[in-house]
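Morning, everyone. I have one protein chain to walk through today.

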Amino acid sequence: SLKTYGWEDILFGYQLAQRGGIFYSKKALVWHFHEYREENLPAYMRSLAKSAKIVEAKYPGIGFLPPYWKQVIFRVMIVASVPWWPFLPQRWKWYLTMKREFLDAL
């Protein structure tokens, strides 16, 4: 029922588990790879936020949306990073950009 990218694999697993269709195996192995590109990051995170809202509306409490206190912490981190932006490692810039885009889309 999702019309946008994001969370479909986790939602599928959740629905299977609700119906008793999942079991645990120590031998199970999965590879899940996403190639993130800086130019696609904002659109990707907005899509994830949109899907998270859809799933949360259908399954309240599933936990795809961060609680208010966590959103506040992320916002503080984002604002506090502004003067340090030129000195931050690339991985932190991407992390904070991802959080900002996701929260702005909620």
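**Aromatic pairs and buried positions**

Let me start at Tyr-95, which is partly exposed with a relative accessible area of 32%. For these labels, buried is under 20% relative accessible area, exposed is over 50%, and partly exposed is in between, with a 1.4 Å probe and protein chains only.

A word on the source. This is a predicted model, where local features need pLDDT of at least 70, side-chain atom pairs count only at pLDDT 80 or more, and totals for chains, interfaces and linings use all residues. Residues are numbered from 1 along each chain as its sequence is written, and side-chain values use heavy atoms, with hydrogens and water left out.

Now the overall layout. The protein chain has 4 helices and 0 strands. From the N terminus the order is α-α-α-α. Helices here are DSSP runs of H or I, at least four residues, strands are runs of E, at least two, and numbering goes from the N terminus.

What radius of gyration does the protein chain have? The value is 16 Å, while a compact globule of 106 residues would have one near 13 Å. That is taken over C-alpha atoms, and the globule rule is 2.2 Å times the number of residues to the power 0.38. Along the principal axes, the C-alpha atoms fill a box of roughly 50 × 30 × 25 Å. Buried residues are 25% of the 106 in the chain.

Next, contacts, meaning heavy atoms within 4.5 Å. Take those between residues at least 6 apart in sequence: 66% of them join residues at least 24 apart.

The surface, briefly. Accessible surface comes to about 8,100 Å², and 63% of that belongs to carbon and sulfur atoms. The method is Shrake-Rupley with a 1.4 Å probe, and for residues only the protein chains shown count as cover.

Charges next. There are 15 positive and 8 negative charges, and their mean positions are 6 Å apart. Lys and Arg count as positive, Asp and Glu as negative, and His and the chain ends are not counted. Each charge is placed at NZ of Lys, CZ of Arg, CG of Asp or CD of Glu.

On to the rings. Rings of Phe, Tyr and Trp (its six-membered ring) pair if their centres lie within 6.5 Å; planes under 30 degrees apart are stacked, over 60 edge-to-face, and the rest tilted. How many aromatic pairs does this rule give? The count is 4. One of them is Trp-7 with Phe-64, a stacked pair at 4.4 Å centre to centre and 25° between the planes. The two are 57 residues apart and link distant parts of the chain: Trp-7 sits in the segment before helix H1 (8-18), Phe-64 in the loop between helix H2 (41-58) and helix H3 (68-81). Buried or partly exposed? Phe-64 is buried, because its relative accessibility is 10%. Trp-7 is at 22%, so it counts as partly exposed.

Now back to where we began. Trp-92 and Tyr-95 are edge-to-face, because their ring centres are 5.7 Å apart and their planes are at 75°. They are 3 residues apart in helix H4 (residues 90-105), so about one helical turn separates them. Trp-92 is partly exposed at 38%. Ring pairs join Phe-74, Trp-92 and Tyr-95 into a cluster.

One backbone point on Trp-7. Its phi is near 75°, a positive value in a residue other than glycine. Most residues other than glycine have a negative phi.

Ser-51 lies in H2 and is buried, with a relative accessible area of 0%. Beyond its neighbours within four places in sequence, Ser-51 contacts Leu-2, Thr-4, Tyr-5, Gly-6 and Trp-7. Ser-47 is also in H2. It is buried at 14%.

Lys-93 lies in helix H4 and counts as buried, because its relative accessibility is 17%.

Last stop, Gly-63. This glycine is in the loop between H2 and H3, and is exposed at 52%. Its C-alpha is 18 Å from that of Thr-4, 59 residues away along the chain.
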